[in-house]
Amino acid sequence: PSPSPPSHLPSSSSQSTSNSPSPFRPASCDPAILTFRILGYNLVDQTTHEPFEKVDLFLPDLMQITNAAHVLVPAAAKMDCVVRHLDFRAGVHAASHATLACLPMLTGSDPTDFGCLCDAVVDARNEVTLPRIIIYEKPGCTGGCGGGCASGMTRNQNKSGKTDPLGTSLVSPFSSCRKIARRFGWILEAALERVRKCGCQRDTGCTACVQIHDCKTYNDKLSRTAAEIVLVHALMSLQG
């Protein structure tokens, strides 16, 4: 059966007029280091198309500097998922997909110019981080509407005019991520509606709710029901 919304969760529906203050606070917008890490690959039987061996790889990380808009997922969301025996990590993953898919409706940005954190694979080499919904600009992006590549970054310089030793940057006021951060509440609200109203019958979702073609983990570890809980709590954290 189609996943039903948890009865104890509020609707998180909010409307505002041009004369009323915004119901949402902006999300955070910061420089980010985007790390690509190849964990390994599977050997697949050409007859059955089933994987029969997993090969781990330990290759150097590829890191790039970019901008990211992000919101912390409250600990209460994880507690609600645990109580309902849901995979919290799969919920954050699915919620990130739905958020990314809603960018064109509220920012005019093409989702191909941006990415989200698809952190569904548990690996001992992954750093322990706080759960967040993160939308980042793809470095060097040339597709879509050019939102990612046109953002620009200014170097973080000290009084002597030298770039800081870590090479981090300040987010340009013209960055597309700043626009996304200001509208993050409405984007999350649209993502929540997308998840709730989809008519698919699977908790792993479909391309109309929580699956995207650009997922680096091939849409593995997704949960619509857990995503709804994550989105509601993330929305509540931006209200007021």
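**Core and loop**

I first looked up the largest nonpolar core, which has 48 residues, and found that Ile133, Ile135, Ile180, Phe184, Leu188 and Leu231 touch the most other members. Such a core is a set of buried Ala, Val, Leu, Ile, Met, Phe, Trp, Tyr and Cys residues joined through side-chain atoms within 4.5 Å, where buried means under 20% relative accessible area, exposed over 50% and partly exposed in between, with a 1.4 Å probe and protein chains only. Helix 6 gives the most to this core, with 9 residues; helices (H or I, at least four residues) and strands (E, at least two) are DSSP runs numbered from the N terminus.

I noted that the model is predicted, that local features need pLDDT of at least 70 and side-chain atom pairs 80 or more, while totals for chains, interfaces and linings use all residues. Residues are numbered from 1 along each chain as its sequence is written, and side-chain values use heavy atoms, leaving out hydrogens and water.

Next I checked Ile180, which, leaving aside neighbours within four places in sequence, is in contact (heavy atoms within 4.5 Å) with Ala69, Leu103, Thr107, Phe114, Ile135 and Ile187. Ala69 also stands opposite Ile135 in strand 6, and 5 bridges join strand 4 to strand 6, which run antiparallel.

Is Arg183 buried, exposed or partly exposed? I found Arg183 in the loop between helix 4 and helix 5, and Arg183 is partly exposed because its relative accessible area is 36%. The side chain of Arg183 reaches the backbone oxygen of Leu106 at 2.7 Å.

Terms used. Pairing = 2+ DSSP bridges. Polar contact = N/O pair within 3.5 Å; in protein donor to acceptor, adjacent residues only side chain to side chain.
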